[in-house]
Amino acid sequence: MKEITLQMQELARELLQKGEVNVVLGWEKGTFWYLSPPAFVDKPEDVERLVYDDYCHHNLSKYLMDYRYQEGKVAVFLKGCDSRAFNILLEDNQLEREKYVLIGIPCPGMKDQEKAKEFGVNGDIPLAKKCQECKYPNPLVYDYFLGDKKAADEAAATKEAKAKEYSDVEQMEKMTSDEKYDFWSSQYERCIRCYACRNVCPACNCRECIFDQSRTGWIGKANNASENQFFALTRAMHVAGRCIECGECERACPMHIPIMLLNKKLIKDINELFGEYDAGVKVDGVLPLGHFDKNDPEEFM
Amino acid sequence: MSVKETSSNWEPKILVFACNWCTYAGADLAGLSRLQYPPNIRILRVPCSGRVNPQFVLRAFQRGVDGVLVAGCHPGDCHYVTGNYFTRRRFLLMQRLLEYVGLDPERFQARWISGSEGPKFQEVVTKLTEDIKALGPNRKLRDAQ
């Protein structure tokens, strides 16, 4: 990854020096060794800040939303899941493709920050859970590609074969309804409604979120178990069919609520009911809940 | 909810979202034909079953409803041509999601009831009421107040 870091810095310097882009979005080293927050580099001499290591979790595509109405181009580094996020934002007409220079980088999977905190620098730190099940480690859309594309594709192929999706969802489904309810209640009674999961989510790109509206009358602001569950289920339904499984919601959650367990349930059901679908892989305007098929399963007769 | 409510005199409250063009007419026909059905349902008329936002359903459960039925025209019969096809996709998912978070699946149902199906309306509502009576009052997803 050292090599890719150097390539990233070089390309960023070139783009900034030529004036092709106003700013480059990447990652830099944060307060601790296991943190790599986003970096916004707008001067060629600052490119040394850019890094690519095992902790570049942040999905940079969502930050492009802040540059939508600015003039000039923006360059951004995309891992596999970031590129799916970019596609979803294109699909939702939030971004214009021409305004962004996309630099694809292969992703070997990011390491678990919580475990890193626990085990220390020299510990054997496992991959984050979302990365163990990743189907698309390589970017799907890019203008430049850094690193070895062929090796990356081969690595992706072996990973896809290993991906054992939905085992946790299936386990959950087997519980009785009271057990399920107790589980989700205990999770969501911790929710502090900070909306970090929403803010970080590339599928949550409404101009005004319903949870920010104050006069709808049917959305409660109180932080109690019932309102939190309402929030959880509404959020899950709103990103249904557009969740790209980047797992950012779960990472951003300060209360460690397993949000992806809800999202994955919806993805699993969409696959079973309406055919296999991976959000953000193609930009064709066809979203699972945005269209229908006359031969959809019929259970309401 | 009445403060006098006790377990002995409990009767379920069921909210029925009825589409204006089919199910509402079906319910009307059931009434005109003097078909008997339990008085536990509250009908809420919506322009189309596609109007029913999943949040309406959640809000109903929050505010003390024991069961929800969403009913509309049969697929292909929608007054707005395609509304109920979207409803079908949305509520197939919603049903599974509610079951996944622990709500009893009987409590949230969707049905196609046309304007000429008065007897079907009677039958669906009777069955739903019986099922929910057997389950007892809903405490899940409910706002404590």
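Biologist: How many salt bridges are there between domain 1 of chain A and domain 2 of chain A?
Modeller: There are 5 salt bridges between domain 1 of chain A and domain 2 of chain A. A salt bridge here is a side-chain nitrogen of Lys or Arg within 4 Å of a carboxyl oxygen of Asp or Glu. This is a predicted model, in which local features need pLDDT of at least 70, side-chain atom pairs count only at pLDDT 80 or more, and totals for chains, interfaces and linings use all residues. Residues are numbered from 1 along each chain as its sequence is written, chains are lettered from A and ligands numbered from 1 in the order in which they are written, and side-chain values use heavy atoms, with hydrogens and water left out.

Biologist: What separates the closest N and O atoms of Arg242(A) and Asp92(A)?
Modeller: The closest N and O atoms of Arg242(A) and Asp92(A) are 2.4 Å apart, and the two residues form a salt bridge.

Biologist: How many residue pairs are in polar contact between domain 1 of chain A and domain 2 of chain A?
Modeller: The count is 12 residue pairs, both residues being at pLDDT 80 or more. A polar contact is a pair of N or O atoms within 3.5 Å; within protein, one must be able to donate a hydrogen and the other to accept it, and residues adjacent in sequence count only if both atoms are side-chain atoms.

Biologist: Which elements give two or more residues to the side of domain 1 of chain A that touches domain 2 of chain A?
Modeller: They are α2 (80-91), α3 (113-119) and α4 (129-132) of chain A. Helices (H or I, at least four residues) and strands (E, at least two) are DSSP runs, numbered from the N terminus. On that side of domain 1 of chain A, α2(A) gives the most, with 5 residues. By class, the side of domain 1 of chain A that touches domain 2 of chain A has 6 nonpolar, 5 polar and 7 charged residues. Ala, Val, Leu, Ile, Met, Phe, Trp, Tyr, Cys and Pro count as nonpolar, Asp, Glu, Lys and Arg as charged, and the others, Gly among them, as polar.

Biologist: Where are the two domains of chain A?
Modeller: Domain 1 covers 2-162 and domain 2 covers 167-274 of chain A, with bounds from an automatic or database domain assignment. Their centres, taken over C-alpha atoms, are 25 Å apart. The contact (heavy atoms within 4.5 Å) takes 18 residues from domain 1 of chain A and 19 residues from domain 2 of chain A.

Biologist: What area do domain 1 of chain A and domain 2 of chain A bury between them?
Modeller: They bury about 1500 Å² between them, with 46% of it on carbon and sulfur atoms. Buried area is the accessible area (1.4 Å probe) that two parts lose on being put together, summed over both.

Biologist: Turning to the two chains, what do chain B and chain A bury between them?
Modeller: Chain B and chain A bury about 3900 Å², 64% of it on carbon and sulfur atoms. In chain B, Arg89(B), Leu93(B) and Tyr100(B) lose the most area to chain A, together 25% of what that side buries. The contact is between 37 residues of chain B and 46 residues of chain A.

Biologist: How many salt bridges does the rule find across the interface of chain B and chain A?
Modeller: The rule finds 5 salt bridges there. Glu298(A) forms a salt bridge with Arg88(B), their closest N and O atoms being 2.8 Å apart. There are also 21 residue pairs in polar contact between chain B and chain A, both residues at pLDDT 80 or more.

Biologist: Which element gives the most to the side of chain B that touches chain A?
Modeller: That is α3(B), with 15 residues. By class, the side of chain B that touches chain A has 17 nonpolar, 7 polar and 13 charged residues.

Biologist: How many salt bridges does the structure hold over all chains?
Modeller: The structure holds 32 salt bridges over all chains. Asp143(A) forms a salt bridge with Arg97(A), the closest N and O atoms being 2.7 Å apart. Asp143(A) lies in the loop between α4 and β6 (144-145) of chain A and Arg97(A) in the loop between α2 and β5 (100-104) of chain A, so the pair ties together parts that are 46 residues apart in sequence.

Biologist: Is Arg198(A) buried or exposed?
Modeller: Arg198(A) is buried, with a relative accessible area of 12%. Buried means under 20% relative accessible area, exposed over 50%, and partly exposed in between (1.4 Å probe, protein chains only). Arg198(A) forms a salt bridge with Asp212(A), with the closest N and O atoms 3.1 Å apart.
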